[in-house]
Amino acid sequence: MIEARHLRVLRAVSATGSFSAAGRELGCTQPAVSQQMKALEASVGTPLLIRTGREMRLTQAGEALVRHAAGIIAGLTAAEEEVAAIAGLRAGRVRLVSFPSGSSTLVPTALAALRAAHPGTRVSLEEAEPPRSVEMLREGDCDVTLAFRYEGAVGAPGAAGPDEWDDLVIRPLLTDRLVGLVPEGHRLARAGTVAISDLGDEPWIAGCPRCRAQLVEVCESAGFTPRIDFATDDYPAVVGLVGAGLGVAVLPELAIESVRPKGARTVTVEPAVRREIVALTLPDLAQVPAVAATLDQLARAAAR
């Protein structure tokens, strides 16, 4: 295998015409230059220099190697500079995947802080819910994913089991409680705290069949099956439908933060339903400076 340091020595010998002159140019001794030339010739399996007294000239193989050495060394230098820039956060790219309520609350604050601190680092954003977002991470389609799992939930969307993320680096961010949403004129609008069973006879607004699994599980534990009149995964649409008096809903607090609940009021629902919000990455990616900085900024955004 040809080493870059040997190529640099060969170029110096070719340019100066002797080992001693090459040593002076490179800041090393003449014997060190001679040893490196012997090592290079052993690597390529053919003589590269013809020594005649104090003079030396390149063999045909030596000429060919010197000709290619300039491009090789230039490429390596460029690679070293680019890697150094990435390591020093002067450059780099992070592919982030987030679920919608995380995208509208945690992500903007985190990315603004990251850009201010490291303007050379580029971050792309794509939206996906767990478990798909976690699959994207494992498949190499992103570097960091925001995900969630419900406390004690089994089979609900995002309900990762206790060991499901064991192969990943988990950065806990916050605990997000689900809150009730009722029309302003609803009988429970000013109740403060309501039992979810008190909403058993109400029409409900919920997400798609996969996304509503957590709601159905909680309601059935309270002794009723919710009558779902409207299904949408769009949080502003949920708020609008509740505000128009068409039903009730439960939404994560993060979702409420990102939508002004016009015509609707939030109430605390018992029993409490919480989800753990985390940032996930792969162990090797966690060592990449830009990824580590992104995780740090997401944690800071969640702490505010």
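A search of the whole structure finds 0 disulfides, a disulfide being a pair of cysteine sulfur atoms within 2.5 Å. This is a predicted model, in which local features need pLDDT of at least 70 and side-chain atom pairs count only at pLDDT 80 or more, while totals for chains, interfaces and linings use all residues. Residues are numbered from 1 along each chain as its sequence is written, and side-chain values use heavy atoms, with hydrogens and water left out.

The table lists relative accessibility, where buried means under 20% relative accessible area, exposed over 50%, and partly exposed in between (1.4 Å probe, protein chains only).

| Residue | Relative accessibility | Class |
|---|---|---|
| Cys 28 | 29% | partly exposed |
| Cys 142 | 1% | buried |
| Trp 204 | 0% | buried |

A nonpolar core is a set of buried Ala, Val, Leu, Ile, Met, Phe, Trp, Tyr and Cys residues joined through side-chain atoms within 4.5 Å. The largest such core has 41 residues, and those with the most contacts inside it are Val 144, Leu 173, Trp 204 and Leu 298. Helix H10 (residues 289-303) gives the most to this core, with 7 residues. Apart from this core lies another, of 18 residues, among them Leu 10, Leu 40, Leu 48 and Leu 58.

Leaving aside neighbours within four places in sequence, Leu 298 is in contact (heavy atoms within 4.5 Å) with Leu 96, Leu 106, Ala 110, Val 144, Leu 146, Leu 173 and Ala 279. Trp 204 has its place in strand S8 (residues 203-206), helices (H or I, at least four residues) and strands (E, at least two) being DSSP runs numbered from the N terminus. The C-alpha atoms of Trp 204 and Val 242 are separated by 8.8 Å, although these residues are 38 residues apart along the chain.
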